[in-house]
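Dear colleague,

Please find below the structure that I am handing over to you. My notes on what was found in it follow directly after.

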Amino acid sequence: MSRAAPHELGVADLGRALAARELSSVELTTHLLERFAAHERLGTALAIDGEGALAQARAADRRRAEGDVGALVGVPIAHKDIFVTRAMPSTAGSRMLEGYRSPFDATVVARLADAGTVTLGKLNCDEFAMGSSTENSAYHPTLNPWDETRVPGGSSGGSAAAVAARLLPAATGTDTGGSIRQPASFCGITGIKPTYGVCSRYGMIAFASSLDQAGVLARSAEDCALVLGAMSGFDARDSTSAERPPQDFHAMIAAARPGATAMRPLEGLRIGVPKEFFPAALAGDVEQALRAALAELAGLGAVLVDVGLPRTELSIPVYYLIAPAEASSNLSRYDGVRYGHRAERFADLGELYRASRSEGFGAEVKRRIMIGTYVLSHGYYDAYYLQAQKLRRMIADDFQACFRECDVIAGPVAPTVAWPIGAQRDDPVANYLADIFTLPASLAGLPGMSIPVGFGAGAMPVGLQLVGNYFAEGTLLHAAHAFQRATDWHVRAPSEGRP
Amino acid sequence: MALTPLDVRRIAELARLDLDADEQARMLGQLNSFFRIVEQMSAVETSGVEPLYTPLAAVEAPHLRLRDDAVTEAVDRDANQESAPLTKDGLYLVPKVIE
């Protein structure tokens, strides 16, 4: 067997190759920078820092030479452009923050740098992470590497497309209502959003603070476990950070379950299948791939249990009131005074605010600010915002009722495979409805994953969503890892359009 | 109850956004189509349900940490103002508010 090209290797394999001195981080980084340049048409990046990356790669090679055996030392990654970085501009995909330089690094960025990763650049996303196709980026769309006429999903679409196209072994993302899971599904890769509070939000440009959570997009559950282990953990700088001891997710994925055998690694794992996750509106091709994956999981020893999440459909209005309410508050900071875009023409301070905001924000961001401002305004708060927060409690309680009967919940990530670019551009509500399966776990703050389980219409990837109870990332990653050891969907790569 | 063009102008004013006539018309249609899916929510009986403002409160009582009242980091005003549109002597400049 000929040796695999470096871009074909994932995080864990690259760590092993670097440790064995089969290649250096400088060689690897150079190779991936060349791939980014050769695949520029995909529009995955908003900034690439070649010189900075090579300097970090040289430092990583020195760390290896000095005996550092950290799994991530010298492994190239890139960050969704929602994480602020000192070395590169941080735009959130918005004209509002064009050229913005942060005076500090996000905690996630700093921790991954400490772990020895090499940061190649910043990745495209929907403006302020608001969207599910990456078409809301103010800079350019990102193309799906499986079919360049289709969207990669969003909002972490640049991250998902770059990993799928083998430009990177892993990338960070953020997930407010599905923004890691849905693009992972659309691009045929593995993504995890941990429990709210597991990753620090310090330095993550805020969209909806009670929902935003950082996570990883990579090729496999094992790779996700390695990166998530390095970026997570308590941070005193985030007031909602969970005060819990650090978790070794990588050790958890291989831990044997009681009664498990090599053939049945998931023996006794109860997987709940909510009937509301298989409605008539679920596309037939997606359902077929999911049913096959559930059968595979059962073959690995898991027990499928019928459960109910009766308020699944209600999660759409609940989320689309709460998230815009929080966004309208968070985005009030963009006033053209302290940072961000400032209009050139204005007569007074009020006009300075209005002109700067109207020029700096795109259409979807304005829509959400309008919804949020309205539902928080005098006379409407109880009917909309308070009612939504009460329903949010009921949705979280529904999950707890399920978790009395199962360990993990499984279902679709999205009702369809990735849609053609432009197909939903003028219909924001259609976009919102397509988030139905990712919103419930987001509202409850539960961890969720997407793993590739097959292909649907147009030979586009289909993802299976796994949702765990609070802080049960280890259970999710373990189940996903067992599935990936028995199947090869996660190693399928899009064919290179050009040599 | 559908929003009116007047509502859209009022909300835009509160949100500090200028919308031109086309944007206002589009926004009105889109907001009304959105609030139609919100209606199903209003009918649900929720009296006595505690709102869930932060997700982990679903399983544990939220507690706010207090840090020691001590200086923990130096403030570098120049670095912090590097991305400011307009400053002078360390101050942010805005149009005159009081004549």
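A:Glu267 and A:Arg264 form a salt bridge, with 2.6 Å between the closest N and O atoms; the term denotes a side-chain nitrogen of Lys or Arg within 4 Å of a carboxyl oxygen of Asp or Glu. A:Glu267 is partly exposed at a relative accessible area of 27%, and A:Arg264 is partly exposed at 34%. Here, buried stands for under 20% relative accessible area, exposed for over 50%, and partly exposed for what lies in between, with a 1.4 Å probe and protein chains only.

The model is a predicted one, in which local features need pLDDT of at least 70, side-chain atom pairs count only at pLDDT 80 or more, and totals for chains, interfaces and linings use all residues. Residues are numbered from 1 along each chain as its sequence is written, chains are lettered from A and ligands numbered from 1 in the order in which they are written, and side-chain values use heavy atoms, with hydrogens and water left out.

Further salt bridges

Over all chains, the structure holds 23 salt bridges. One of them pairs A:Asp175 with A:Arg181 at 2.9 Å, N to O, and both of these residues are buried. Another is formed by B:Glu73 and A:Arg237, whose closest N and O atoms are 3.3 Å apart. This pair joins two chains, because B:Glu73 lies in the loop between α2 (21-42) and α3 (77-80) of chain B, and A:Arg237 in the loop between α7 and α8 (249-254) of chain A. Helices (H or I, at least four residues) and strands (E, at least two) are DSSP runs, numbered from the N terminus. B:Glu73 counts as partly exposed at 45% relative accessibility, as does A:Arg237 at 49%.

A buried lysine

A:Lys193 belongs to strand β5 (residues 190-193) of chain A. A:Lys193 is buried but has no salt bridge, and the nearest side chain of opposite charge, that of A:Asp175, is 5.6 Å away; for charge, Lys and Arg count as positive and Asp and Glu as negative, while His and the chain ends are not counted. The side chain of A:Lys193 does reach the backbone oxygen of A:Leu446, at 3.1 Å.

Pockets

A pocket is found on a 1 Å grid over the protein atoms alone, as an open set of points where a 1.4 Å probe fits, with protein on both sides within 12 Å along at least five of seven lines; lining residues have an atom within 4 Å of a point. The largest pocket holds about 900 Å³ of space, a volume being the space filled by probe spheres set on the points, which are joined across faces, edges and corners. Its lining comprises 30 residues, and A:Val84, A:Ser102, A:Pro103, A:Phe104 and A:Tyr202 lie nearest the centre. By class, this lining has 16 nonpolar, five polar and nine charged residues.

The second largest pocket has a volume of about 560 Å³. It is lined by 32 residues, the closest to its centre being A:Glu8, A:Arg166, A:Arg219, A:His490 and A:Val491. In chain A, α1 (11-19), α7 (221-231) and α16 (473-486) each supply at least two residues of this lining, and α1(A) gives the most, with four residues.

With kind regards

How values were computed: Nonpolar A, V, L, I, M, F, W, Y, C, P; charged D, E, K, R; others polar. Polar contact = N/O pair within 3.5 Å; in protein donor to acceptor, adjacent residues only side chain to side chain.
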